[in-house]
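The following paragraphs walk through a single model. Please keep the sequence and the 3D view open while reading.

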Amino acid sequence: MKKIAGSLITGYLFRICQYENNSMKTIIRTKIVDVLQCKDYGATVHLKGWVRTRRGNKQVGFIALNDGSTIKNVQIVVNIETFAEKILKAITTGACIGVNGILTESPGQEQNAEIQAKEIHIYGTADPAAYPLQKKGHTLEFLREIAHLRPRTNTFGAIFRIRHHMAIAIHRFFHERGFFYFHTPIITGSDCEGAGQMFQVTTLNLCDPKKDRNGSIDYACDFFGKPTNLTVSGQLEGELAAMALGAIYTFGPTFRAENSYTPRHLAEFWMIEPEVAFNEIEENMQLAEDFIKYCVRWALDNCMDDIEFLNNMFDKELIERLYFVLKQNFIRLTYTEGIQILEDAVAKGHAFEFPVHWGADLAAEHERYLVEDHFKCPVILTDYPKEIKSFYMKQNEDGKTVRAMDVLFPKIGEIIGGSQREEDHDKLLKRAQEMDVPTKDIWWYLDTRRFGTAPHSGFGLGFERLLLFVTGMANIRDVIPFPRTPNNAEF
Ligand code: ATP
Ligand code: MN
């Protein structure tokens, strides 16, 4: 038995073995990403994948085969005479096939190598009259309605490969810096995380819940013996861990029942939340900037085929914008300075939909004005009015502002929200009470300030907001496989 072809990038061996009687037996299939790198012409390879297109004439057919390992297809050349009619008829867009064939140098311009098919096995047909993904381009809106099939398009293949690579980049970034990945709960008993409307988790019979003497729902009968919700953030628990492990990050799903139907909000999204003991706001800003740049650099280094495709299809400035962000030092200024710039813009005739004045929450249009029109650079805004930020943010001496920081990005607006945390127990408790936070639910959080408290900081990066930036897509529903938004939980 003799091995006639070696292994390549994915480490997936393509071991084609030749037996004594000269019969060929494939042991492991080759991925297309590997075969396209291979110059081992004459070797027999075995590929499996889905037919993207088929063209040709009566003598010869050309199949573009894709197996998801790369955006590129491999060309399968089929000598029509040598295949049964039944097989040939089944090779239509969307069908799943296996091919044994000879790797040959391609005369075509588009690819180095192609496969001369020797055997074709049909795994699954796809009736052309019914299969929705035909060759013509489909709108992103239409593809959202067939989210079960859209990963098979070039666009969503590219996006989901990039999504994977970004998750890897995130873990590597923190791991390399000595952060520990810490898992915070998804079901929470506190409803004071304060970041948005929550989804309730219950096993009560909603048609006939048990009532107590006052006629209120008796949560003692509920699964956890109290009301519970899906988490909107892992931060509070993340802080507990930072007070022990020093530097941690969370990376998990979060849920917000906001009824906002915007291209930047999902009801279920993934968030990365580092929390670091002894970091003050400046170090927190530097961490955020280094973190995003690391992820963008990783995408450019590892996903260029996919990024180039998205650049050409959707956003001709994507690659330029990614390199641009790497080069810039993010501009840092206070909320108060930011408001001044926005007010000056209004005075000069710039019209915003939402009002601008000190104390107002910034809308995406304001954030994007600062980033895209004024500075032409990512911006980190700090020291927001305490009224528009959460109770746990460190209070400044002025009594009016807190040590918050939002990272604002071109095309996105807010990509990161974070702060230095209030480490003083009494100040924290007082602020929580002023803001009507039910403090009895977070006695454990307040305890961190009673026992060995320390200055610390952290932030939350919305994973899908990062993906919007890296892919250049315009709608957040197109960077998560199965988006959850108001009135939409199909698939
Ligand atoms: P926004 O003002 O954009 O609604 P936020 O201030 O409510 O965001 P934070 O609570 O600061 O958001 O959450 C941290 C990060 O999580 C945000 O900077 C953003 O990247 C992301 N994020 C927040 N809400 C959503 C959402 N509904 N869908 C997707 N990402 C979100
Ligand atoms: Mn925020």
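Contact here means heavy atoms within 4.5 Å. By that rule, eight residues of domain 1 are in contact with eight residues of domain 2. Domain 1 covers 7-124, while domain 2 is made of 150-197 + 232-478; these bounds come from an automatic or database domain assignment. The centres of domain 1 and domain 2, taken over C-alpha atoms, are 45 Å apart.

This is a predicted model, in which local features need pLDDT of at least 70 and side-chain atom pairs count only at pLDDT 80 or more, while totals for chains, interfaces and linings use all residues. Residues are numbered from 1 along each chain as its sequence is written, chains are lettered from A and ligands numbered from 1 in the order in which they are written, and side-chain values use heavy atoms, with hydrogens and water left out.

The pLDDT is the predictor's confidence in each residue, from 0 to 100. Its mean over the chain is 92, and 94% of the residues reach 70 or more. Over residues 1-20, the pLDDT is below 50, and this stretch has 59 contacts in the model beyond near neighbours in sequence.

Back to the two domains. The size of an interface is often given as the accessible area lost when the parts come together. Between domain 1 and domain 2, about 610 Å² is buried, with carbon and sulfur atoms giving 39% of this area; the value is the accessible area (1.4 Å probe) that two parts lose on being put together, summed over both.

One salt bridge is found across the interface of domain 1 and domain 2, the term standing for a side-chain nitrogen of Lys or Arg within 4 Å of a carboxyl oxygen of Asp or Glu. The side chains of K72 and D305 meet in a salt bridge, at 3.5 Å from N to O.

The last stop is ligand 1. Around ligand 1 there are 16 residues, the closest being R256, H265, L266, E414 and I415; a residue counts as near if one of its heavy atoms lies within 4 Å. A nitrogen atom of ligand 1 lies 2.9 Å from a backbone N or O atom of L266. A polar backbone atom of I415 is 2.8 Å from an oxygen atom of ligand 1.

Terms used:
Polar contact = N/O pair within 3.5 Å; in protein donor to acceptor, adjacent residues only side chain to side chain.
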